[in-house]
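Here is a short report for a first look at a structure. Please keep the sequence and the model open while reading.

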Amino acid sequence: MARRKIIYILILAAWSWLVMLYTFQEIRFLLLILLCIPLLLFVPLIFQRGKTEVKISEIPDYVTREEIIRLRVAVTYEGLLPLAGLKVRGSWQVHGAKRLSVESRIRGLGGRTEREIEFELPAGHCGQAIFTVARVRIYDWLSLFSLPVSGSLSRKIWITPRFLPVSEGETAMILSLARAASASDEGEAFVREYRPGDSLRSIHWKLSVKEDELQVRDFEPEGQVSLFLNMTDGLLENPEQKDRFLDKACSLMVFLAETCGDRAVVCWMQDGVLMRSRIREAEDIYPCIREVISTKKTGVRDPGEKTVRSMLAGCHLEEDGRLYLGEQCADEE
């Protein structure tokens with residue numbers, strides 16, 4: 001568009017120079033046409049602008065890392081006259097990666113029609129990604145002038161880890177813990193405040209209304225199968241290492257949900273507080289992994305702290321992706 005404007009200005013300058021040199025009426029008439037035609041094409045844009053609507057089509061809330069996201073932007077035009085052209089410019093921001101600018105253009109849009117523009121976006125690192133429609137403009141037939149159509153739109157998508165096979169050593173370790181847990185008493189039930197990652201099924205609604213804040217039914221089983229995600233601030237600052245860690249953590253959660261039932265508990269440190277989420281079924285994994293992904297600061301300064309030490313005594317996943325039971329590694333004989 002900028003190139004066409006420059007060419008148009010140069011043509012006007014050359015023709016104006018000819019008008020000053022010669023007094024032929026035909027030359028002046030042609031100069032008048034060069035000035036008036038673009039202006040006449042610009043006038044319909046003013047009315048077509050209010051007849052054009054852009055929105056982001058429905059997309060899933062979760063996508064798996066390393067997938068290609070096909071995101072569609074729907075363009076609805078309710079005007080009678082055809083629309084010469086429309087350009088959509090957007091941005092794709094993923095955690096741990098540079099902002100990606102994308103754009104696409106529709107050439108010629110008939111009256112009262114609806115079209116879709118598809119963007120192929122990479123699902124890079126785990127975390128929350130944001131797609132933003134930053135600018136939408138419609139153009140005249142010569143692509144000399146344009147007008148904005150609407151403000152910015154945005155949509156958030158969670159990029160979740162990949163599911164990987166659980167090794168034989170990890171399977172044997174978790175099954176041994178599950179057998180030990182099945183022989184233990186469940187302990188006493190209690191009610192506590194709601195924490196991020198808790199299942200909605202465990203909310204005590206009557207008590208929540210009385211206390212004016214969410215309360216959750218829970219219990220401390222004697223033989224629970226706990227998986228402690230031993231994350232550190234250094235791990236969170238390294239997107240590639242964090243992705244590998246979360247892939248392993250998510251795979252172990254799935255296996256725990258399938259084998260341990262309501263005795264499976266996932267724990268991690270967030271801002272110095274021990275967070276817990278009970279994995280009763282596969283549907284509980286995504287809310288839990290979303291809370292883990294959202295952790296920006298662990299707050300673990302001393303691995304010998306009482307809460308951390310108690311978790312490390314059981315089943316814990318380290319930064320290098322190895323699963324331990326106490327001091328025993330699942331990948332070592």
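The text below covers sheets, salt bridges, backbone angles and a pocket.

This is a predicted model, in which local features need pLDDT of at least 70, side-chain atom pairs count only at pLDDT 80 or more, and totals for chains, interfaces and linings use all residues. Residues are numbered from 1 along each chain as its sequence is written, and side-chain values use heavy atoms, with hydrogens and water left out.

## Sheets

Some terms come first. Helices (H or I, at least four residues) and strands (E, at least two) are DSSP runs, numbered from the N terminus. Two strands pair if DSSP finds at least two bridges between them. Strands of a sheet pair through backbone hydrogen bonds, either parallel or antiparallel.

K55 stands opposite A74 in β3.

Another open sheet has six strands. Their order is β14-β13-β12-β15-β16-β17, and the pairing is mixed. The edge strands, β14 (273-278) and β17 (328-329), each pair on one side only. Strands β12 (residues 225-229) and β15 (residues 315-317) run parallel and are joined by three bridges. Here F228 stands opposite H316 in β15.

Strand β9 takes part in two further pairings. With β2 it pairs in the parallel sense, over three bridges. T64 stands opposite T160 in β9. With β7 (residues 127-139), strand β9 pairs in the antiparallel sense, over seven bridges. The bridge partner of I130 is K156 in β9.

## Salt bridges

A salt bridge is a side-chain nitrogen of Lys or Arg within 4 Å of a carboxyl oxygen of Asp or Glu. Side chains of opposite charge can pair when their charged atoms come close. How many salt bridges does the structure hold? There are nine. The table lists some of them.

| Pair | Closest N and O atoms |
|---|---|
| R65 and E66 | 3.3 Å |
| E66 and R162 | 3.5 Å |
| R72 and E116 | 3.7 Å |

The E66 and R162 pair spans the sequence. E66 lies in the loop between β2 (62-64) and β3, and R162 in the loop between β9 (153-160) and α3 (168-182), so the pair ties together parts that are 96 residues apart in sequence. R65, E66, R162 and D247 are linked in a network of salt bridges.

The R72 and E116 pair also links distant parts of the chain. R72 is in strand β3 and E116 in strand β6, 44 residues apart.

R65 counts as buried, at 8%. E66 is exposed, at 52%. R162 counts as partly exposed, at 29%. R72 is partly exposed at 36%, and E116 is partly exposed at 47%.

## Positive phi angles

Most residues other than glycine have a negative phi, and most peptide bonds are trans. E66 has a positive phi of about 75° although it is not a glycine. R112 also has a positive phi, near 50°, and is a residue other than glycine. R112 lies in the loop between β5 (100-109) and β6. It counts as exposed, at 59% relative accessibility.

## A pocket

On a 1 Å grid over the protein atoms alone, a pocket is an open set of points where a 1.4 Å probe fits, with protein on both sides within 12 Å along at least five of seven lines; lining residues have an atom within 4 Å of a point. A volume is the space filled by probe spheres set on the points, which are joined across faces, edges and corners.

The second largest pocket has a volume of about 180 Å³. Which residues line the second largest pocket? They are H95, C126, G127, Q128, W158, K242, I293, S294, T295 and K296. By class, the lining has three nonpolar, five polar and two charged residues. Ala, Val, Leu, Ile, Met, Phe, Trp, Tyr, Cys and Pro count as nonpolar, Asp, Glu, Lys and Arg as charged, and the others, Gly among them, as polar.

How values were computed:
Buried means under 20% relative accessible area, exposed over 50%, partly exposed in between (1.4 Å probe, protein chains only).
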